[in-house]
Structure formats: C-alpha cells, structure tokens
Amino acid sequence: MTEAAIQAPISSTQIEPPFEPLQGMRSLRVLARLLDYPTQELQDACGELIEILNAERRLGAALKASLMAWCQRLQEGELLELQAEYVAMFDKGRATSLLLFEHVHGESRDRGQAMVDLMAEYSAAGFELDARELPDHLPVFLEYLSMCDEAEIGRWLGEIRHILALLTARLEERGADHALVPLSLLALIGAEGDVEEHRPQVKKEAPDNTPEALDAVWEEEAVRFSATSDEDCALQSAEGRRLAERKNSVKSEAVRIMTATSPTSSANR
C-alpha cells in the first residue's frame, strides 16, 4: 500500500470533498486500515503505517508503541493465519461486530433510520460510499472522520463512546490486538476510562462465536423472520436496547480532541 493508498479510502470514494484531512488526523485512516481484512497490500504498507502513527502526537507514547508493535506483527505474520483470525473475530457472532449501530439497535427498524441519517451526513460532506460496506462500518466511519475538523471528530467520537468502550472491552477479553483501535479513539477524547465499567459485564457474557451459539442464532433468526411488529425486531438485541436507553437518557455533550503532546512530555509518560 503506497502513500496514495493511505490518502484514498479503500472502502469508499470521495466526490469533491470540501476540505482536506487535518495534518496528524491521517492516523484515523491508519486505524481504519488496521481494522481491514488482512491482505498482502496491508502487510506491505505496515512500515508507512508505523511512520504515521509515530508522528501522531495526540496519542500517548505507550498506546502508540502498542499500535506500532501490532503493525510489526501484521507485517511479519503468516497471511493465511492473520486472515483466519480476522474471520473468527469479526465474521462469527455479533459481540465484536464492526457495524456500530448493530450494538445499539440490533436489526430493528431504528438501525435503518440511523444509517439513513449517517448517509446524509456523509453526502453533505461530499463523501460517497461504494456498494461494499454499510455506512456504519467502523473503518468507513473513520475514513469520513479523517476529513472532518477536530470539533466534528470530537462530536462524533463523543456520540459513539459507549459503543467504542464496549467493543474495546470485548476485544480485550478475546485477546485481540484490534482492541487498540477503539481504545485509541477513546484516547483521542480522553475517555479511555469508559472501558472499565464494561469489563465486569463482558466477563459474564457467554461466547457468541462458538458452533453451538451460531447454530442457536440461525434457529432464532428462522423464527424471527416471520415477525410482524417492530417490537419483535427490537427483541433481537437486549444489549442494544440497554445501550439505546442509556444513550437516550444522557444528553449529548461537546467532546474535544485531546491536545497534542510535545515530544518531551510524550517521552516522559
């Protein structure tokens, strides 16, 4: 992956964007790439990804070191093994889904409206998706944020911080390097501590990626296919209902991106 590959979204296309990504916010595109399905192109780009992360002064030294070490493991790893691990992590079960609204709305009609609203935001910014991904796919969302100013980035990360914290806790529980991405996004707004409140709940969750759990989901979906009401659809995600209720009960607040640290202060952390 060349410099051009970093600048141009892989999961989306831009049409006359009104502004260029901020210097330093290229790291959002790096984080997006780290959540992509592993390819030879990604492995070839790891050296460049490390350089961009190393230059990101909004993240602490320890977190940057962990991200760069992960890039090194990706670069040196056996591609087929990396791909198998990715499929096991994200394509089996919903607990670690990279579709943001799935954690809030499940498969209810509310999720469709939320995606329509998000698409409207994208279109207003001159950001147009291709047919490969849904608008709430986290890597796509990060591509969009990379074109925004800091106030907008902070606003959006503040809106989804509860999802990012839950996703971080679940990925950490499974020992996945991918947990570093939502953790880094929380760090950008100084909200890393949000993860702690989700850890006790996550430890009690039954795995949803086992053959037995997947079979149960298929059987459940067969029954729900005949649902005739929004209430039936909403029952698909107890966790989604809990998060939605919490989000509706908490007023939206302005969230700022953390101030870039100086090389000296970063080194002393």
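Biologist: How far is the sulfur of cysteine 46 from the closest cysteine sulfur, and in which residue does that closest sulfur lie?

Modeller: This is a predicted model, in which local features need pLDDT of at least 70 and side-chain atom pairs count only at pLDDT 80 or more, while totals for chains, interfaces and linings use all residues. Residues are numbered from 1 along each chain as its sequence is written, and side-chain values use heavy atoms, with hydrogens and water left out.

The sulfur of cysteine 46 lies 5.3 Å from the closest cysteine sulfur, which belongs to cysteine 71, and this is too far for a bond. A disulfide is a covalent bond between the sulfur atoms of two cysteines; here the criterion is a pair of cysteine sulfur atoms within 2.5 Å. Across the whole structure, the search finds 0 disulfides. Cysteine 46 is buried, its relative accessible area being 0%. (Buried means under 20% relative accessible area, exposed over 50%, and partly exposed in between, with a 1.4 Å probe and protein chains only.) Cysteine 148 also counts as buried, at 3% relative accessibility.

As for the setting, the protein chain holds 16 helices and 2 strands; these are DSSP runs numbered from the N terminus, helices being H or I of at least four residues and strands E of at least two. Of its 269 residues, 47% count as buried. Among contacts (heavy atoms within 4.5 Å) with a separation of 6 or more, 70% join residues 24 or more positions apart.

Helix 8 contributes Phe141, Tyr144 and Leu145 to the contact, and helix 9 contributes Glu152, Ile153, Trp156 and Leu157. By class, these residues comprise 6 nonpolar, no polar and 1 charged. (Ala, Val, Leu, Ile, Met, Phe, Trp, Tyr, Cys and Pro count as nonpolar, Asp, Glu, Lys and Arg as charged, and the others, Gly among them, as polar.)

Tyrosine 144, a residue of helix 8, counts as buried at 4% relative accessibility. Setting aside residues up to four places away in sequence, tyrosine 144 touches Glu121, Tyr122, Ala125, Phe127, Glu152 and Trp156. Tyrosine 122 is 22 residues from tyrosine 144 in sequence, and their C-alpha atoms are 7.1 Å apart in space.

Helix 8 also packs with helix 2, residues 26–34: their axes come within 8 Å and cross at roughly 170°. Helix 2 and helix 8 are therefore roughly antiparallel to each other. In this contact, Leu28, Arg29, Leu31, Ala32 and Arg33 of helix 2 meet Pro139, Leu142, Glu143 and Leu145 of helix 8. The contact of helix 2 with helix 8 has 6 nonpolar, no polar and 3 charged residues. Because 8 of the 9 residues of helix 2 are buried, this helix is largely enclosed by the rest of the structure; the buried residues include Arg29 and Arg33.

Technical notes: Axes are lines fitted to C-alpha atoms, for helices over the stretch in contact, and angles run from 0 to 180 degrees between N-to-C directions. Angles under 35 degrees count as roughly parallel, over 145 as roughly antiparallel, 65 to 115 as roughly perpendicular and the rest as oblique.
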